[in-house]
Amino acid sequence: MDSPRDTSRSLSESSPIDVLHVDDDPEFSALVAAALEREREHITVHTETDPQVALDRIQRNGLAFDCIVCDCNMPGLDGLDVLRHVRAECPDLPVILFTGKARDEIASAALDAGATDYLQKGDDTSQYRLLATRIENAVERTRASRDRTRGLAAIETATDAMCILGTDGTIEYANTACATLFGTDREELLGRHVESFYPDDEAQAVYDSVLPTARESRWTGRSSLVREDGGLVDVEHTLTSARDGSLIWTLSRVSRSEALETRLSVREQAMDEAPIGIVLTDPHAADNPIVYANERFTDLTGYSRDEALGRNCRFLQGERTDEAAVDELRTAVEERESVTTELLNYRKDGTEFWNRVRVAPLFDDDGVIDFFVGFQDDITPRKTYEELLRSNTARLEALFEHSPDLVVVHKADGTIQDVNQRMCEELGYSEADLAGKTVWDLDPSSKPDRSKSFWADLPTNEPRRFEGALERRDGTTFPTEVHLIQLNLDGEDLFVAMIRDISEQKDREAELVEQNERLDRFTSVVSHDLRNPLQVAMGRLELLQDDCDSDHIDAIDRALARMDDLISDLLVLAHDGDDAMDIKPVALADLARACWQNVVTGDATLTVETDAVVNADRDQLQQLLENLFRNAVEHGSDDGGVTVTVVETDRGFAVEDTGRGIPPADRETVFEAGYTTSPEGTGFGLNIVSQVAAAHGWEVAVSEGAAGGARFEFRVD
């Protein structure tokens with residue numbers, strides 16, 4: 001096996017993991033490697049059957065492996081010996097003992113020796129899935145610990161000030177450079193809120209823009225922050241959101257000239273850089289006009305700053321703006337209070353957008369109101385999603401309640417949680433009656449153990465169909481067809497059963513069984529009770545021909561032959577479709593020539609003009625061709641010299657002859673049972689042809705042939 005990778009790895013679940021498996025059984029080692037790599041594509045297994053060789057590899061380059069998996073009972077060094085040596089060389093390297101020993105035999109000794117985990121070998125393949133999970137968990141914990149250690153070391157030695165803030169904005173950690181920046185001890189910084197470092201007139205911005213922006217992604221800006229001695233320090237600082245919800249605060253001093261620029265326009269610059277629309281309005285001027293608008297506001301509304309300045313914010317309102325929300329804003333402004341509301345506003349081009357408006361008064365040092373600040377967020381995507389969700393929910397609820405099917409929602413233990421109205425109507429219960437019952441309370445064919453086993457093996461989001469039964473309140477039952485699907489909602493497995501009454505279908509099936517039984521009895525009578533005396537009559541007629549000479553003998557012979565033909569065709573019709581068709585590619589030319597040999601053709605001739613191959617049941621296609629050939633010969637020309645041609649068409653094939661043809665008036669009825677124009681015909685031959693075509697899904701049409709005879713054309717695509 002190739003040597004393991006020597007590259008840095010992330011904490012992602014799909015990061016590569018190199019495992020060294022130590023076990024003296026080479027076949028079991030190969031099995032473990034194959035099973036683990038199949039369970040997790042990102043796991044690579046390296047095997048060693050000699051524990052001493054394994055230790056040598058670890059001592060040479062232990063960091064090349066992310067985890068050691070080791071057996072206990074091995075010759076020379078056992079698993080605990082290997083564990084102790086690994087701990088001496090690589091204290092943090094995860095070691096999992098994978099052993100045949102029982103838990104009580106190994107648990108205490110393994111943990112005392114420093115094992116990361118241990119797992120008893122089992123008989124089924126689920127143990128490898130569990131082992132893979134144990135490996136992933138152990139490696140992730142080790143990598144996370146290692147990264148935290150490295151990260152804290154880097155933070156401690158950094159020249160820039162760095163802090164870690166909790167989700168509420170208080171300092172949970174500060175490095176030495178941060179304490180130096182603010183002129184205090186690190187212990188004095190812990191527990192302080194980031195707001196406390198801002199001058200009083202800028203503290204509100206921490207809650208309005210700095211922290212909200214940082215929590216969403218990242219905030220960057222320049223500020224003059226308050227030191228421990230009351231002086232100001234000019235910094236460029238960044239707040240970045242971490243995966244656990246904490247914030248990373250990095251600060252660096254800015255030059256004197258940069259600090260001066262920051263102090264001159266810090267409020268305006270902060271608002272210009274904000275990712276949300278901001279306006280300032282003057283409550284002392286008539287109609288509270290806008291005196292400042294940032295760039296995000298112009299992007300949001302489509303109005304330039306010049307077009308917005310001097311106007312009241314109501315110019316964004318329109319026909320569908322909610323008056324109640326507008327009144328709420330107006331009241332808050334009149335009473336010098338903060339307010340947050342959601343408005344349907346209009347851009348300059350007339351398009352609508354949903355605007356979350358937050359308005360708050362700004363006071364000067366004497367407590368007199370200076371401005372109103374308005375923060376404006378485009379929440380159109382969220383509102384659109386909420387509306388779509390409401391619409392979909394309403395449709396799903398309507399579908400659930402008004403479905404023609406019976407719908408039941410139950411838990412994995414069989415307890416019914418919800419039913420639709422159709423279910424209540426059919427069974428004669430109320431929703432309250434059915435809630436809390438179990439599936440087997442309603443389905444007499446369902447058994448708890450068998451049902452729970454079936455549900456446990458049912459994949460999520462993959463419906464299954466089966467048949468059951470339901471019992472009404474009055475004790476009557478009816479058969480059902482059930483489509484069951486498992487859904488995982490908020491971590492809970494729920495099962496949705498859509499149930500249909502199949503009583504009519506079962507009745508039809510019973511009728512079909514009875515009909516088939518009658519058909520079997522009929523074919524038995526035809527094939528045995530009628531054919532046997534017919535064959536006796538035909539045999540006696542032959543004997544009679546030897547004993548006497550009479551003009552009536554030929555007439556009797558023709559009548560008996562016709563009866564024989566009728567019985568044969570009746571049997572074909574009776575059995576048509578009984579056997580499942582075996583559809584295969586059939587060479588049409590070869591089959592046509594073989595069928596011609598099975599028909600009494602006299603002076604007739606066959607011409608085959610096709611190399612086509614059709615997908616068909618060979619036996620039924622043979623029956624179709626033989627009946628067409630026999631029909632052409634029986635209804636041929638007066639001199640008997642009819643020619644039958646099999647040709648290929650664009651959509652299939654055709655059989656035509658040079659005989660008398662079929663009159664246009666008869667072409668609609670030619671395929672009906674009993675149709676014939678020949679005294680010798682049974683009237684079933686073409687009916688059999690149409691049934692064979694229908695069984696294959698083909699279309700058949702009759703027309704006049706090129707030489708005036710009949711043409712039967714089959715569309716097979």
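Trainee: How many cavities of 30 Å³ or more does a search of the whole structure find?

Mentor: The general idea is that rolling a probe the size of a water molecule over the atoms shows where empty space is left. In this predicted model, the search finds one cavity of 30 Å³ or more. The volume of the largest cavity is about 40 Å³.

Trainee: Which residues line the largest cavity?

Mentor: The lining consists of Leu 628, Asn 631, Ala 632, Val 655, Asp 657 and Phe 712. By class, four of the lining residues are nonpolar, one is polar and one is charged. Both α21 (618-634) and β25 (652-657) supply at least two residues of this lining, and α21 gives the most, with three.

Trainee: What does the pLDDT of the protein chain average?

Mentor: Where pLDDT is low, the predicted coordinates should not be read in detail. Here the chain averages 82, and 83% of the residues score at least 70. Residues 1-13 stay under 50, with 29 contacts beyond four places in sequence in the model. Over residues 259-264 the pLDDT is also below 50, and this stretch has eight contacts beyond near neighbours in sequence.

Trainee: Where is Asp 287 found?

Mentor: Asp 287 sits in the loop between β11 (277-281) and β12 (290-293). Its phi is positive, about 70°, although Asp 287 is not a glycine. Asn 288, found in the loop between β11 and β12, has a positive phi of about 50° and is not a glycine either.

Trainee: Is Asn 288 buried or exposed?

Mentor: Asn 288 has 15% relative accessibility, so it counts as buried. Asp 287, at 45%, counts as partly exposed.

Methods:
Residues are numbered from 1 along each chain as its sequence is written. This is a predicted model: local features need pLDDT of at least 70, side-chain atom pairs count only at pLDDT 80 or more; totals for chains, interfaces and linings use all residues. Side-chain values use heavy atoms; hydrogens and water are left out. On a 1 Å grid over the protein atoms alone, a cavity is a set of points where a 1.4 Å probe fits but cannot get out, and a pocket is an open set with protein on both sides within 12 Å along at least five of seven lines; lining residues have an atom within 4 Å of a point. Grid points are joined across faces, edges and corners, and a volume is the space filled by probe spheres set on the points. Helices (H or I, at least four residues) and strands (E, at least two) are DSSP runs, numbered from the N terminus. Ala, Val, Leu, Ile, Met, Phe, Trp, Tyr, Cys and Pro count as nonpolar, Asp, Glu, Lys and Arg as charged, and the others, Gly among them, as polar. pLDDT is the predictor's confidence in each residue, from 0 to 100. Contact means heavy atoms within 4.5 Å. Buried means under 20% relative accessible area, exposed over 50%, partly exposed in between (1.4 Å probe, protein chains only).
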